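Hello,

Here is the structure I promised to pass on to you. Please have a look, and then read on for what turned up in it.

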Amino acid sequence: MSLYGALRTGVSGMNAQSTKLATIADNIANTGTIGYKAASTQFSALVLDSNANAYNSGAVSANVRHAISKQGSLAYTTSETDLAIQGEGFMIVSDSNGQPFLTRAGSFITDASTGNLVNSGGFTLLGYALDDGNPDAVLNGVANLTPVNMTDKNLQAVPTDGGVFTVNLPANETAVTGDTPADNLATSAYTVKSSMVAYDNIGNEITLDVYLTKTGSDTWEMAVYNRADAAPGGGFPYTSTALGNAALTFDSEGNLTSSSQVDIAIPNGATLELDIGGTTQLATDFTPMNVSVNGNAPSSISGVDIDPDGFVYATYENGSRVAVYRIPTATVPSPDNLQPVPGDAFALTTASGDIQIGFPAEGGRGALVAGALEQSNVDMASELTDMIVAQRDYTANSKVVQTSSELLDVLMNLKR
């Protein structure tokens, strides 16, 4: 009967508008929620079979969607562990059970009980540890990702195993004849002496004496010793052999033509692979251009730096800066079909597609912005306007229910 159909249609309309009002209420309540994605209600008609003489009213179906792919504005903060993504992609986090999720809510702070970086929703930030060098990202899964934990990086000694030694050697110096530093004798002579600091396995500073000796028109000798083994008053003879030796040759334009690497065995440490490839021999004074090594002595963390490529650096009180993690970002083919979960995170669904993992600012992914947070993408003016419309539509549907009820009363009273 059409009256009963109209009654049910009016009820379905009221239910649909109730759903719309619920999403509006949620959006307004979360206007200030970091990383929140606005919900909206879309309606679709459910039409029943009808003919020219009798119309069967159907119903309306409410479908809730989330504007997950729409970026909110960025607000800058004073916290070095606040993170936002400028562009596409999600940070990868895990819940207390280790279940991975995606999020844009980057208000991370150090959790007192675990030392992990945890956001306001209780999710732990995941990244690749750099203990063994650059990470090998798993493109379609979360394998090898670990919680980003800065507290366990305190008082860690990192042995020196790499560095750069780029200098200019004076071309017009007279070649040394007789004993050279490689002979390690009290009579050893040299052209230039320099020094640099490296670190052993437990963080002790090892001062390296670097001797550069001109042995011919275009040839030099490089010898490296541990200063702790020098003779009383410094210099030769050292009580130990050279930690590293190299013969340097140059072409007529002053460019290095011999090997560009010198291996130096650090006592109680690693082998320092020293890159000397930029060294030149030109008609000017001895000039250090780039002399640096990695590694550090034990020191407390004084700060955290995160760059747009996702590298997380621990800054120590002794001034050293060490990359300890790299934060990846994830994308999915249809982000608006992700399933929101409590805490402003998202779970994969069949409709969203499979996860694809890479690094920030690569392959179309957005850059990571440290010291910033993504705001809610709710438009308050639109929400208030939609609220007025939903209220009117709800009232109109209630009138259909009321009118249908009154007409049914008239029908029932015909028998009286």
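This is a predicted model: local features need pLDDT of at least 70, side-chain atom pairs count only at pLDDT 80 or more; totals for chains, interfaces and linings use all residues.

Is S194 buried or exposed? Its relative accessibility is 18%, so S194 counts as buried, the cut-off being under 20%. Leaving aside residues up to four places away in sequence, S194 touches L208, D209, V210 and F286.

Now to the helices. Helix α1 takes in residues 2–29, 28 residues in total. From first C-alpha to last, α1 reaches 40 Å, close to the 40 Å expected at 1.5 Å a residue. Its buried residues include G5, G10, M14, K20 and N27. And what do the buried residues of α1 pack against? Their partners are β1 (39–46), β2 (59–66) and α2 (380–413).

That brings us to α2, which has 34 residues. At 1.5 Å a residue α2 should span 50 Å, and its end C-alpha atoms are 50 Å apart, so the two values agree. Buried in α2 are E383, A390, N397, V401, S404 and L408, and α1 is included in what covers them.

Terms used
Residues are numbered from 1 along each chain as its sequence is written. Side-chain values use heavy atoms; hydrogens and water are left out. Buried means under 20% relative accessible area, exposed over 50%, partly exposed in between (1.4 Å probe, protein chains only). Contact means heavy atoms within 4.5 Å. Helices (H or I, at least four residues) and strands (E, at least two) are DSSP runs, numbered from the N terminus. The expected span of a helix is 1.5 Å times one less than its number of residues.
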